[in-house]
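Okay, thanks for coming, everyone. I'd like to walk you through one structure today, starting with charge pairs and then moving on to packing.

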Amino acid sequence: MKLSALGDIVHASVAIQFIRKHIANAHISWFCDARFEQIARLLAGVDEVVALPLKDKKFLKSFGILRQKQGQFDIIIDLQGLLKSALVSRSLGKNIFGFDRFSTKEGLASIFYTHKYSCNYDKNIILRNLELCAFALNFSFDEKEILAKEPCFLKNSRIPSDESKIPNKNSRIPNRKILIAPFASESSKCYAHFASVIKGAKEFAQCFLVAGSKPERKKATKLASSGATLLAPLDLAQILEFMDTCDLIIGNDSGITHLAWAQNYATITLFGNRSGARNAFATPKNLIIQATPKHEIDAFHIDKSDFCINDIDPAQIIAKAKVICDA
């Protein structure tokens, strides 16, 4: 059970593979906010997605959905560890596994769990999720298994026809493709020097920008003038398809960049006031660039006034991108 935002869904997605590996005949239901139903339905290995309109404050409708599911589950696992997700878990049954009050952001949530797991909150989030699932389902794992994971999401959508307009027939344009995801949920997570990255990277790759909301697309249009192509609006399934054509995805600590990691695509993820070691899982082709924060990072209390991410030298990003594209 997972009630979450895009980044949380991606961080927990690899756990599905491990559950399937150890309990092949398990029936897995995934609970999420209705806003993320589309991406949740692309989760490989999930049998059922239950969407709750909680963000729209349709509580009576959500309660009705939960009441229909009550008592259907042998085990309920709350990977998010928030009071909201704990209440949803409790409404579904009593055999609930979750983090103890010292191991999650909203410690009050732990009072609703039957079984509580202790795990350092600063520990890598991928490992935290896997450890809780292993505790609940009585299996063990090795970190090396994560390196051998399969793509976590299914691809079942074609790139829209507008994509055919992307200039790729001119022989002077490099045949390498870099997708840049320059936006995130908070301004302190957004890198301000992507224009310089684009100018440097376009010497060896075509650069593309992905943007969703109208404010993002307005900023992305300006950023595209540095030498990148702004993609037509894409849903998450279409973004997955486009990523499949790219050599590298560069982005902030955001759902799009983490989605690329989950699909085993090469990534460079930028971190500032948050810990890259906690929020991403580095591999030989999934690189992390961590800025030096003003103060020691406290995962419980993020300093959102710290924009140290902008201290990252664009040349460092460009150099790493070239190595990956040339590999």
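This is a predicted model: local features need pLDDT of at least 70, side-chain atom pairs count only at pLDDT 80 or more; totals for chains, interfaces and linings use all residues.

Another one joins the side chains of Glu186 and Arg274, at 2.5 Å from N to O. Here Glu186 is in the loop between β6 (177-181) and α7 (194-201), while Arg274 is in the loop between β10 (267-271) and α11 (276-279), so the bridge ties together parts 88 residues apart in sequence. Glu186 is partly exposed, at 21% relative accessible area. Arg274, at 11%, is buried.

For a local case, look at Lys322 and Asp326, where the closest N and O atoms of the salt bridge are 2.7 Å apart. Both residues belong to helix α12 (residues 314-326), and they're four residues apart, about one turn of the helix. Each is partly exposed: Lys322 has a relative accessible area of 40%, and Asp326 has 48%. Going back to Glu186 and Arg274, salt bridges with shared partners join those two and Lys304 into one network.

Okay, on to the nonpolar side. The largest nonpolar core has 60 residues, and Trp30, Ile39, Phe153, Leu179 and Met243 are the ones with the most contacts inside it. Elements that give two or more residues to this core include α1 (6-22), β1 (29-33), α5 (125-137) and β6. If you zoom in on Ile39 and skip residues up to four places away in sequence, Ile39 touches Leu6, Ile9, Phe153, Leu236, Leu240 and Leu259. There's also a second, separate core of 29 residues, with Cys207, Leu223, Cys308 and Ala321 among its members.

Now Ile178, which is in strand β6. Ile178 is buried, with a relative accessible area of 0%. Setting aside neighbours within four places in sequence, its contacts include Phe204, Cys207, Leu248, Ile250, Ala321 and Cys325.

Next, helix against helix. In general, two packed helices are described by the angle between their axes and the distance between the axes. For α1 and α5, the axes come within 8 Å and cross at roughly 35°. Which hand does the crossing of α1 and α5 have? It's right-handed. On the α1 side, the residues that meet α5 include His11, Val14, Phe18 and Ile19, and their counterparts in α5 include Ile126, Asn129, Leu130 and Leu137. By type, the residues of this contact are 10 nonpolar, two polar and no charged.

Helix α3 (residues 59-69) is worth a stop as well. Its buried residues are Ser62, Gly64, Leu66 and Lys69. What covers those buried residues? The cover includes β1, β2 (48-52) and α4 (83-92). Just past the end of α3, Gly71 takes a positive phi of about 80°.

Last one: Ser110, in the loop between β4 and β5 (115-117). Although Ser110 is in a loop, Ser110 is buried, with a relative accessible area of 3%. Leaving out residues up to four places away in sequence, Ser110 touches Phe99, Asp100, Arg101 and Lys116. From Ser110 to Asp78 is 9.8 Å, C-alpha to C-alpha, and the two are 32 residues apart in sequence.

That's my tour, so over to you for discussion.

Technical notes:
Residues are numbered from 1 along each chain as its sequence is written. Side-chain values use heavy atoms; hydrogens and water are left out. A salt bridge is a side-chain nitrogen of Lys or Arg within 4 Å of a carboxyl oxygen of Asp or Glu. Buried means under 20% relative accessible area, exposed over 50%, partly exposed in between (1.4 Å probe, protein chains only). A nonpolar core is a set of buried Ala, Val, Leu, Ile, Met, Phe, Trp, Tyr and Cys residues joined through side-chain atoms within 4.5 Å. Contact means heavy atoms within 4.5 Å. Axes are lines fitted to C-alpha atoms, for helices over the stretch in contact, and angles run from 0 to 180 degrees between N-to-C directions. A crossing is left-handed if the near helix is turned anticlockwise from the far one by less than a right angle, and right-handed if clockwise. Ala, Val, Leu, Ile, Met, Phe, Trp, Tyr, Cys and Pro count as nonpolar, Asp, Glu, Lys and Arg as charged, and the others, Gly among them, as polar.
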